[in-house]
Amino acid sequence: MFMVGWVGGHLHWRAAFWGESILMLPFVILGFVIKPLELKGFTHNKKTKEYGPMLSPELQDETSNNGIKQGVPAIVEGLAEKLPEKSSLSSFGKKVMIEIHHFGKDMKELLQERVYVVNVAGYIFYNFVIGAYSYWGPKAGQDIYHMASADLMFGGITIVCGIFGTLAGGFILDKIDSTISNAFKLLSGATFLGAIFCFGAFCFKSLYGFIPFFSVGELLVFATQAPVNYICLHSVKPSLRPLSMAMSTVSIHILGDVPSSPIVGFIQDKIHNWRTTALLLTSILIGAFVCWFCGIFLHSVDRFNEESEHGVPATERSNLRPLLDDGNDEARTSQ
């Protein structure tokens with residue numbers, strides 16, 4: 001945000017977005033060509049010459065010399081038999097239906113993890129506030145404190161506090177013994193104190209009082225990054241870890257920062273007072289505090305080192321090779 005605002009102000013907004021796209025291009029290419037990671041709890045020991053676009057070799061029909069199918073889970077085979085042989089659905093369509101079936105099953109299992117759900121609920125409240133800060137913060141700062149360079153001021157505070165706050169959160173979690181309960185304690189404590197400092201910052205009439213209080217508040221709220229992701233990974237079984245992180249990211253954006261900016265803008269249009277709007281927005285951090293504080297008292301089991309079950313979860317059905325890899329397939333077995 002800091003650099004994009006600077007480039008957009010000195011050159012042109014198109015130049016800022018084009019520059020950002022070019023800088024991200026290497027990561028897009030790496031996503032296609034880099035070798036897949038060997039995740040703990042997963043076993044990939046099947047050979048195949050062709051990887052389907054939707055299913056991994058574990059779900060491909062392997063036919064032995066006597067014509068007997070092997071390697072197909074019963075639930076998948078049963079689902080395939082229910083489809084008419086002469087159905088108008090293509091083979092790709094059938095694979096999509098199978099994937100949807102397994103995704104629904106995994107989602108149902110994920111939503112039954114109360115610790116995970118409470119953690120993500122608090123994360124949504126948190127991201128609601130942070131997203132609106134990033135969008136409306138400079139405008140509010142300029143209106144309340146008459147900042148000459150509000151974009152640079154808020155961007156600089158966010159960058160510095162984001163880096164040091166995130167590192168501090170991970171360091172503290174390691175020092176207090178990394179457990180789910182302790183992670184919730186760190187989350188609730190940092191969020192509560194951060195909300196107090198951010199709320200107090202907008203109560204100051206002087207810019208010299210606002211900056212130090214808001215900086216400390218940002219430092220505290222960014223300390224939540226390490227523990228919130230720790231809980232997402234440790235509260236679910238190994239086969240659901242990728243899905244848990246994916247759904248956490250989708251949830252905090254769809255329910256958090258995406259609707260927060262227009263909602264805050266609507267409130268400001270009604271009351272025409274940026275200080276009051278900022279205080280109302282900051283008070284939503286209490287919702288995150290309540291969720292994470294309740295998480296302390298939930299029965300939690302650290303499942304990070306659990307062995308993956310013998311079934312075929314969604315993550316084991318993902319492609320094992322990069323899309324642009326032409327090399328020979330090798331059997332992989334994670335230890």
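A crossing of two helices is called left-handed if the near helix is turned anticlockwise from the far one by less than a right angle, and right-handed if clockwise. Helices here are DSSP runs of H or I with at least four residues, strands are runs of E with at least two, and both are numbered from the N terminus. The model is predicted, so that local features need pLDDT of at least 70 and side-chain atom pairs count only at pLDDT 80 or more, while totals for chains, interfaces and linings use all residues. Residues are numbered from 1 along each chain as its sequence is written, and side-chain values use heavy atoms, with hydrogens and water left out.

**Helix packing**

Axes are lines fitted to C-alpha atoms, for helices over the stretch in contact, and angles run from 0 to 180 degrees between N-to-C directions. Angles under 35 degrees count as roughly parallel, over 145 as roughly antiparallel, 65 to 115 as roughly perpendicular and the rest as oblique.

| Helix pair | Angle | Axis separation |
|---|---|---|
| α7 (180-203) and α9 (225-234) | about 150° | 9 Å |
| α5 and α11 | about 160° | 10 Å |
| α5 and α6 (150-175) | roughly 125° | within 8 Å |

With its angle of about 150° to α9, α7 is roughly antiparallel to that helix, and α7 passes α9 in a left-handed crossing. The pair α5 and α11 is likewise roughly antiparallel, and its crossing is left-handed. The axes of α5 and α6 cross at roughly 125°, which makes α5 oblique to α6, and this crossing is right-handed.

**The cavity**

A cavity is a set of points, on a 1 Å grid over the protein atoms alone, where a 1.4 Å probe fits but cannot get out, and its lining residues have an atom within 4 Å of a point. Searching the whole structure gives one cavity of 30 Å³ or more, and the largest cavity holds about 60 Å³ of space, a volume being the space filled by probe spheres set on grid points that are joined across faces, edges and corners. Helices α5 (114-145) and α11 (274-283) each supply at least two residues of its lining, and α5 gives the largest share, five residues. Among the lining residues are Tyr133, Trp136, Phe202, Val264 and Trp274. The lining comprises nine nonpolar residues, two polar and no charged, where Ala, Val, Leu, Ile, Met, Phe, Trp, Tyr, Cys and Pro count as nonpolar, Asp, Glu, Lys and Arg as charged, and the others, Gly among them, as polar.

Key. 1 Å grid on protein atoms, 1.4 Å probe; cavity = no way out; pocket = protein on both sides within 12 Å on 5 of 7 lines; lining within 4 Å.
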